[in-house]
Amino acid sequence: MLLHRLSVFIAIPILGVIGGRIPVIDGVIGGVSESPDTVEPQLFDIAATTPGKLRVVENSGVCETTPGVYQASGYGDLTATQSIWFWFFASRKNPDTAPLALWFNGGPGSSTPRSQLTLSLGITRQTSYISIQPVGVGFSHGDLKVGTSQQAAADVWTFMQIFLSDPRFAKYQTNNLAIWTESYGGHYGPTFAAHFLAQNSAIAAGTVQGLNLNLKVLGIGDGLTDPLAQYPGYIIYAGTNPYHPLVSGTVIAHANSSWTASNGCRTQITACYNGGSNSVCSAAQSYCNNNILSPLAGIYDVYYVLATNPDPYPPDITSYLKSVASKIGAEVTWQITNRNVYNNFAATGDWMRNSAPDLETVINAGVRTIVFDGDADYILNFNGVEAMVDKLNTKFTSLYQQQAFATYKVAGQTAGQFKNAGTFSYIRIYGAGHEVPAYKFGNLATGQAAAQMFNQIMANQSLVST
Ligand SMILES: *[C@@H]1O[C@H](CO)[C@@H](O)[C@H](O)[C@H]1NC(C)=O
Ligand SMILES: *[C@@H]1O[C@H](CO)[C@@H](O)[C@H](O)[C@H]1NC(C)=O
């Protein structure tokens, strides 16, 4: 039932969104803890794991209820003590040949089903799709060692090898593959995609054994990719976003001086970029989020500035997921955000590292790439994201820079503004918060603009108004 509703109304909120967001540490959004609390790993039955293989529950009847449409959920066991949870939904149309979209949520250390089901599941389902949760998050379990985007990329690549080697899923080996992600996915998306491409080259050269991953599309929504380009966006957006100022001019001026000060945020991120150690990058995260990101939010919800904090929308689905856990083969309690994983990432300063070079590699390799952003999101606002895009140096950059934005129309109605350049596109979607497909604008249905965007990109087309 749920899916029927989702696919008819393109409504994402029920399954699409959960509160697994960027943690608030000692009152600071995305802060770095002085004394990281450690959460004991949840107990699970190691004897039951099957290293290098999948354990699968097929057609649980949860979520997908369309007769004859295949779904599966379970674990890819990287090792006896590292199990990655996945949830796979076959396309409702041409499931054997439809592209396969992977969805990763951000965090870091946040679980997937927030916008997860949004882009593919909730929308049209002409794509098979698989949501994957890094170890320690959601229903995944095991060693909580991962602390960088590169380590997460290696785990996900290994998971994909296991998944596509399983006889049930081997038929997808040559289908077109897409990565869709958001938020911290501004790091994950480029890093995972670049790692997949590098592994493909190594496999072709005979230096790595494995399956080629047929990556054709990368989609990044409201993402953190290039902090040096993006942090000034907080100062601009807090003062002059399309809706209302978030804080007083005094607060903005103070944040601005934290940006420009001699050992301020700009200097610290620059030091991180220039071969900075983990502690340099971690200190930059702490300083910039304490002095810029957090104070400039004012009383507003950082994910949707039309609401004050905390915005009850989109609703939390934790209790729903707990209620279906055993049916879908989950072995541990659902964890929206894992503090251990977040703290590992905060300790390496991964947040403040620059993923733009990986994004450039992926774009230049011909992977169709879209960056999108909801204009009501503060935490990864369009001012910052557009500055990041403007700074990219790819084979499509000059074409991109020559253009003005065009209005994006959906069913004749204005929904945003965009540019296409080669196989790269950018779009700002009006009225949308952080989880772009969960919002509506004007007379359009919830997620309708995001659905049109998703379908065009998955069909390997540039964005075009309808
Ligand atoms: C920040 O400070 C710089 C230099 O003092 C100034 O040029 C800029 O306009 C300020 N930005 C904002 C948003 O206030
Ligand atoms: C996608 O379109 C581009 C540009 O038209 C083309 O070069 C590329 O081969 C297409 N990719 C696929 C998977 O069809």
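This is a short tour of the structure, stop by stop.

**Before you start.** The model is predicted: local features need pLDDT of at least 70, side-chain atom pairs count only at pLDDT 80 or more, and totals for chains, interfaces and linings use all residues. Residues are numbered from 1 along each chain as its sequence is written, while chains are lettered from A and ligands numbered from 1 in the order in which they are written.

**Stop 1: ligand 1.** Select ligand 1. Around it are Ile235, Ile236, Gly239, Ile252, Asn256 and Thr260. A residue is near a molecule if its C-beta atom, placed from the backbone, lies within 6 Å of it. Now show helices α7 (232-240) and α8 (249-260): each supplies at least two residues of this shell. Helices here are DSSP runs (H or I, at least four residues), strands likewise (E, at least two), numbered from the N terminus. Colour the shell of ligand 1 by class: three residues are nonpolar, three are polar and none is charged. Nonpolar means Ala, Val, Leu, Ile, Met, Phe, Trp, Tyr, Cys and Pro; charged means Asp, Glu, Lys and Arg; the others, Gly among them, are polar.

**Stop 2: ligand 2.** Move to ligand 2. Its surroundings are Asn176, Lys216, Arg368, Thr423 and Asn460. This shell holds three polar and two charged residues, and no nonpolar ones.

**Stop 3: Leu164.** Select Leu164 in helix α4 (residues 149-165). Is Leu164 buried or exposed? Leu164 is buried, because 21 C-beta neighbours lie inside 10 Å. The cut-offs are 20 or more other C-beta atoms within 10 Å for buried, 12 or fewer for exposed, and in between for partly exposed, with C-beta atoms placed from the backbone. Leaving out residues up to four places away in sequence, Leu164 touches Phe169, Ala170, Tyr172, Gln173 and Leu211. Contact means C-beta atoms, placed from the backbone, within 7 Å.

**Stop 4: backbone details.** Most residues other than glycine have a negative phi, and most peptide bonds are trans.

- Select Asn59, in the loop between β3 (54-58) and β4 (71-79). Its phi is positive, about 45 degrees. Asn59 is partly exposed, because 13 other C-beta atoms lie within 10 Å.
- Select Asn94, in the loop between β5 (82-89) and β6 (100-104). Phi is near 40 degrees, also a positive value. Asn94 counts as exposed, with 11 C-beta neighbours inside 10 Å.
- Select Asn309 and Pro310: a cis peptide bond joins them, with omega about -5 degrees. Pro310 sits in the loop between β12 (304-308) and α11 (318-324).

Notes:
Two residues are in contact if their C-beta atoms, placed from the backbone, lie within 7 Å.
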